[in-house]
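Colleague: I would like to learn how to read sheets and ring contacts. Can we work through an example together?

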Amino acid sequence: VESQHPQPALGQTVQLRRYRLTRNDLSALAAGNVSPRLAARLLSAELSKHELLFELVRRTASRRGSSADVARVKAATKMLEQIQTRKPKIIETIFTLPQFGAWAADCLLDRTSAAVSREEQGDSSAPFGFGYITAFAAVAALMARHPFELDVPMRSGIVTFPSLGQLHTEDADISGWVKVQFSGDQAMVISRSRTTAFPMAATSPSSSPDSRWVPVSRVNLAARGVTLSLALDAQDPFFDRFGLPLARLSEEDVLAWRKQLADAWKILVRTHRPKAKALAATLTSIVPLDHPSGECPISASSGWASGAIALSLQLDSLSLAETLTHEFHHLVLGAVEDIMPLYSYVDADLYYAPWRDDPRPFRELLQGAYAHLGVVAFWERQREIAKASDYGAAEIEFAYWRKVTLQAVETLNASDALTEAGLVFVSTMRARLASWRIEHVSDHAEAEAEEIIIEHYLRWRLTHLYPDPAAIEKLVRRWSAGLAAPDWFVTPAAVVKPDSLLSTARYGALKARHRDPALFRRYLQVRGKLPEADIAFLKGDYSKAVQGYLSRIRESHDLDAWVGLICVRYREAESDTMKALLKRAEVVASLHYRIREYGNSIPSPDELIEWLAASTE
Amino acid sequence: MRERRSALECSLVDLTQLSVRELSKLDDELLEDALRRLLHACGGGGRLWSLNILSQPSDKPYS
């Protein structure tokens, strides 16, 4: 996998090189092995990407920006040039910030141009545009103690200094531009109505408390000689791109975050040391998100904000270690994709991703599969070092993730969209996962994992797949005429629809069974958390569960009951017929629904299953 | 079966040795081509891949 592409030149003198990832590099990364050398290469690539974005923003602003924006971008660029000659590391730090990439992407994806007039009219909700580069330049100048005067944006009286913090002026109802001056000793923020001193200590790690200054918290963690230094930043306006509300952190919240991060870091360094080292080199910011009451913890990352991981506080430190591993893999793959394409086109198809309730496009399936390859490796190691009391849960997680991730990778591997590099990457993932598949796990762990896998798969099919109506009509006619079923397993492909989710409660309970026994007990005991049939299913009372599901199906077209019923039937007889049924569960449910609509006597679900299955025997 | 694209036919250019001033001397064509490739990698949109909500059990009530 070598480049024959000509190296671009800058003028007559400077020959630019392109990043290269050899076949061995790609294979190592695909297997989840991010060596310090490869981590450095990826970080360098992300820095280049941000420099590229900066220059594109600068040129785009000069062509499309307002005269005020052009002036602000010029002033900021000049400032950055000056600082770079004396302190180049500071400019590298600024360009590396995840929010720098996020801001530049917003400018280039034209999210800002429509907002310019709103901004100039003082609309506090208007997005920041090209001119926001002055905020980054101001931070660079403050860090370098370089005297300057720049206009920076203010929203509702708040001036953001990216990565440092926010100054809350007394002009809470004013949005627009304020002047920031630094004389060499003192910095001032000057609005039309007042002047506010900027706490210079804010640029050092030990910032002094000032009620108007809300600093970005810094977290420095050391464990067994590996240090993780990052920002805990829930205030930057460009960290809103995860589509989820940023947390409002109290002092108590910050302490909880520090504690969970410190404990997770110990787990990562102790048990996953090479990955911890790569993570320490990659991660610059944790973006705390709200954890909506009653919902499960969430996490996210964005390729436009490389170096940042957004997440809510997790269930515990082990979950946080797992989540950081997961998101780290997204960041790695994002950088690989920035260096070279792994697929040459993207079709409009949507695919089953075992970790999502919604159908996913190809590129997201690849991202998810790679993130979960990291999760498989995580649980493989956790299983090795787990205490007896934790071993069972770790084993089930390992059994679960290795199977579903391989399933997704098989889908990816069959695609002709993969480039040569993409094929190397995906086939290595496949080989790595296949090597884990032969590792022994107990029958109990396999069975528990399988139950979760089947429940999710069935629920996904019955939620999103709509069989061809003509094929269903044909089945209805044959059933009504007392004829044998045709070869129903060749029913034309179903249509994927992304909406109408079924309840995830049973799935949540199945996962809680090994991960969170207290939560599992609540599922069983708290009235209303689960239907009675599900409770019977989870308690192993399959006869009662079946009666409950059948009763609900008799009463209405209850897809959730169909999922439960087929889960039980599959558990009872894991035959080839039942395996085939899993892949056509939506056909059985649709057929039952249509027969009911015709007003004929309603067959029992089991009768229909048997009738259809007979055609395959 | 489509012909697979050569892996490095358009890989990212290393700009880390360039100063801010030198960046301004790059060809428009090179920059625009690089942006096109980045948009290919991310789909041109919000580039949010990974909202990960299923890895842990939920306390969400049945509804």
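**Strands and rings**

Modeller: Note that this is a predicted model. Begin with one bridge: Ile286(A) has Ile309(A), in S14(A), as its bridge partner.

Colleague: Which way do strands S12 and S14 of chain A run, and how many bridges join them?

Modeller: The general idea is that strands of a sheet pair through backbone hydrogen bonds, parallel or antiparallel. Here S12 (residues 285–288) and S14 (residues 308–311) of chain A run parallel, joined by four bridges.

Colleague: In what order do the five strands of this open sheet in chain A lie?

Modeller: The order is S10-S11-S12-S14-S13 in chain A, with mixed pairing. Strands S10 (217–223) and S13 (299–300) of chain A are the edges. Each of them pairs on one side only.

Colleague: Now the rings. How many aromatic pairs are there over all chains?

Modeller: The count is 21. A ring pair is described by the distance of the centres and the angle of the planes. Take Phe148(A) and Phe182(A): their centres are 6.3 Å apart and their planes meet at 40°, so this pair is tilted.

Colleague: Where in the chain do Phe148(A) and Phe182(A) sit?

Modeller: Phe148(A) is in strand S3 (residues 148–155) of chain A, and Phe182(A) is in strand S6 (residues 176–182) of chain A.

Colleague: Which residues do ring pairs link into a cluster?

Modeller: The cluster holds Phe54(A), Phe95(A), Phe100(A), Trp103(A), Tyr132(A), Phe136(A) and Phe238(A).

Colleague: Which residue lies over the face of Trp177(A)?

Modeller: Arg72(A) does, at 3.6 Å from the ring centre. Lys529(A) lies over the face of Tyr523(A), at 5.0 Å from the ring centre.

Terms used: Residues are numbered from 1 along each chain as its sequence is written. Chains are lettered from A and ligands numbered from 1 in the order in which they are written. This is a predicted model: local features need pLDDT of at least 70, side-chain atom pairs count only at pLDDT 80 or more; totals for chains, interfaces and linings use all residues. Side-chain values use heavy atoms; hydrogens and water are left out. Two strands pair if DSSP finds at least two bridges between them. Helices (H or I, at least four residues) and strands (E, at least two) are DSSP runs, numbered from the N terminus. Rings of Phe, Tyr and Trp (its six-membered ring) pair if their centres lie within 6.5 Å; planes under 30 degrees apart count as stacked, over 60 as edge-to-face and the rest as tilted. A charge sits over a ring if NZ of Lys or CZ of Arg is within 6 Å of the ring centre and within 35 degrees of the ring normal.
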